[in-house]
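Subject: Structure for you to look at

Hello,

Here is the structure I promised to pass on. My notes follow below it.

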Amino acid sequence: MKERLQKIIAKAGLASRREAEILISDGMVRVNDKIVTELGIKADLIEDKIEVKGEPITSLEKNVYIMLNKPKGYITALKDPQRRPIVTDLLSDIKQRVFPIGRLDYDTEGLLLFTNDGDLAHCLLHPGSRIFKTYLGEIDGMLNSGKISRFKSGIELSDGITAPAKLEFIRRKKNRSLWKISIYEGRKRQIKRMFESIGYTIYELKRIGFGPLELGRLATGKYRFLTDRELKDLNKTLKLAQTVRI
Ligand code: URA
């Protein structure tokens, strides 16, 4: 597929579109061994040989996988018309054009993954993959055994009954209580709506796990790259999910 050269360079994570335009104008980009300085030129990543500063673009493409501890008060989006802080503001020194894998609400904190690997993101978000995401939620009051069992059997929400969730009591905090909740669906405000529908309010919600990945001691607002081990574990979880589906 033919695309504008600056778009191809940006997609490869080498520069922003604006920076790519400067690279082109400065004569740093070759297409099929010819220097191209015109900005409107289109090329095909598969069929054409595209080089940036002498390096073929395919060998420069690098997938990155990042875990951020999202603070409250950030929008999970690549831009916000209301100009509120967005999660990618916290990744400003990452060169590749990464996007979040799924979403956390404005007032939810915790583990948020980013990548430029569209295939992996697609597999992780596919409902059939059934990747459990784990949260800590602080609610008013205490749940009795009847309410607890509703999480397992499914809770009726406006967009249908929820798939079985896992729920574990952690501790009491004065007139509130702390729970660990794991769900594999990713509906809008799902956990808040699940508690609301049985008469409780969530005061704090934090994601601490995504499949085999754990937030651990990563400080709020900080990010790190996934380790090779974590990537392997993630891929293993996905493969297992596919085998179960077959
Ligand atoms: N469930 C919610 O209610 N909010 C989130 O951000 C994530 C899961």
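Which residue in β5 does Val-31 stand opposite? The residue across from Val-31 is Ile-50. Please keep in mind throughout that this is a predicted model.

The strands that hold this pair are β2 (residues 29-31) and β5 (residues 50-52), which run antiparallel and are joined by 3 bridges. They belong to an open sheet of 4 strands, ordered β3-β2-β5-β6, with antiparallel pairing. At its edges are β3 (34-35) and β6 (55-56), each of which pairs on one side only.

Now the ligand. The residues around the ligand are Leu-104, Asp-105, Thr-108, Tyr-135, Arg-189, Gln-190, Ile-191, Lys-192 and Leu-205. By type, this shell divides into 4 nonpolar, 2 polar and 3 charged residues. Helix α6 (residues 190-197) gives the most to the shell, with 3 residues.

- Thr-108: a polar side-chain atom lies 3.0 Å from an oxygen atom of the ligand.
- Ile-191: a backbone N or O atom lies 3.2 Å from a nitrogen atom of the ligand.
- Gln-190: a backbone N or O atom lies 3.5 Å from an oxygen atom of the ligand.

On its own the ligand has 240 Å² of accessible area, and the protein covers 95% of that.

As for where the ligand sits, it lies between domain 2 (65-127 + 213-245) and domain 3 (132-210), because both give residues to the shell around it.

Regards

Conventions. Residues numbered from 1 in each chain as written. Predicted model: local features only at pLDDT ≥ 70, side-chain atom pairs only at ≥ 80, totals over all residues. Heavy atoms only, no water. Pairing = 2+ DSSP bridges. Helix = DSSP H or I, 4+ residues; strand = E, 2+ residues; numbered from the N terminus. Near = heavy atom within 4 Å. Polar contact = N/O pair within 3.5 Å; in protein donor to acceptor, adjacent residues only side chain to side chain. Areas by Shrake-Rupley, 256 points an atom, 1.4 Å probe, with all protein chains shown as cover. Nonpolar A, V, L, I, M, F, W, Y, C, P; charged D, E, K, R; others polar. Domains from an automatic or database assignment.
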